[in-house]
Amino acid sequence: LLSRWERAVTNVVMNYSEVESKVREATNDDPWGPSGQQMADISRCTFMYEQFPEAMNMLWIRMLRENKKNWRRVYKRGHHEKL
């Protein structure tokens, strides 16, 4: 519960958009994967011209820049795409 509050504060402090916040929530370090609703929301964002760059930029940041110590983010994304 505390980490959820920490993520919410980080999103506000870092001035992340709603789309970026959704991607961060879906790719967090929790041991379970994102919900179907989270995946659907992010997927819808990728079909909107204004939101596509925000979603993809945050996905790339989470997968490539931050993945060395946070391997679960990349694993979760890849695992759920296969389903």
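At 24% relative accessibility, Glu 25 counts as partly exposed. In this predicted model, the side chain of Glu 25 meets that of Arg 7 in a salt bridge, with 3.3 Å from N to O. Glu 25 belongs to helix 2 and Arg 7 to helix 1, so the pair ties together parts that are 18 residues apart in sequence. Arg 7, for its part, counts as buried, at 16% relative accessibility, a value under the 20% limit for that class.

Read along the sequence, the pattern is α-α-α-α-α. The protein has 83 residues, of which 29% count as buried. Among contacts with a separation of 6 or more, 54% are made by residues 24 or more positions apart. The accessible surface comes to about 6100 Å², and carbon and sulfur atoms hold 60% of that area.

Between helix 1 (2-13) and helix 2 (18-26) runs a loop that contains Met 14. Met 14 is partly exposed, with a relative accessibility of 49%. Together with Val 9 and Val 13, Met 14 makes a nonpolar surface patch of about 300 Å². Asn 15 is found in the loop between helix 1 and helix 2 as well. Its phi is near 60°, a positive value in a residue other than glycine. Most residues other than glycine have a negative phi.

The interior comes next. In soluble globular proteins, nonpolar side chains tend to be buried together. Here the largest nonpolar core has eight residues, namely Val 19, Val 23, Ala 26, Ile 42, Cys 45, Ala 55, Met 58 and Leu 59. At least two residues of this core come from each of helix 2, helix 3 (36-45) and helix 4 (52-65). Helix 4 consists of 14 residues and spans 19 Å from its first C-alpha to its last, close to the 20 Å expected at 1.5 Å a residue. The buried residues of helix 4 are Ala 55, Met 58, Leu 59, Ile 61, Arg 62 and Met 63.

Charged pairs complete the picture. Side chains of opposite charge can pair when their charged atoms come close. A search of the whole structure finds three salt bridges, one of them the pair of Glu 25 and Arg 7 described above. In another, Lys 22 is joined to Glu 18, and their closest N and O atoms are 3.6 Å apart. Because these two residues are four positions apart in helix 2, about one helical turn separates Lys 22 from Glu 18. Lys 22 is partly exposed, with a relative accessible area of 28%, whereas Glu 18 is exposed, at 59%.

A further salt bridge links Asp 41 with Arg 44, whose closest N and O atoms lie 2.4 Å apart. Both residues sit in helix 3, three residues apart, which is about one turn of the helix. Asp 41 counts as buried, at 17% relative accessibility, while Arg 44 is partly exposed, with a relative accessible area of 44%.

Definitions and conventions. Residues numbered from 1 in each chain as written. Predicted model: local features only at pLDDT ≥ 70, side-chain atom pairs only at ≥ 80, totals over all residues. Heavy atoms only, no water. Buried < 20%, exposed > 50% of the residue type's maximum accessible area, 1.4 Å probe, protein only. Contact = heavy atoms within 4.5 Å. Areas by Shrake-Rupley, 256 points an atom, 1.4 Å probe, with all protein chains shown as cover. Patch = residues over 30% accessible without salt bridge, like charges linked within 9 Å, V, L, I, M, F, W, Y side chains within 5 Å. Salt bridge = Lys/Arg side-chain N within 4 Å of Asp/Glu carboxyl O. Core = buried A, V, L, I, M, F, W, Y, C linked by side-chain atoms within 4.5 Å. Expected span 1.5 Å × (residues − 1).
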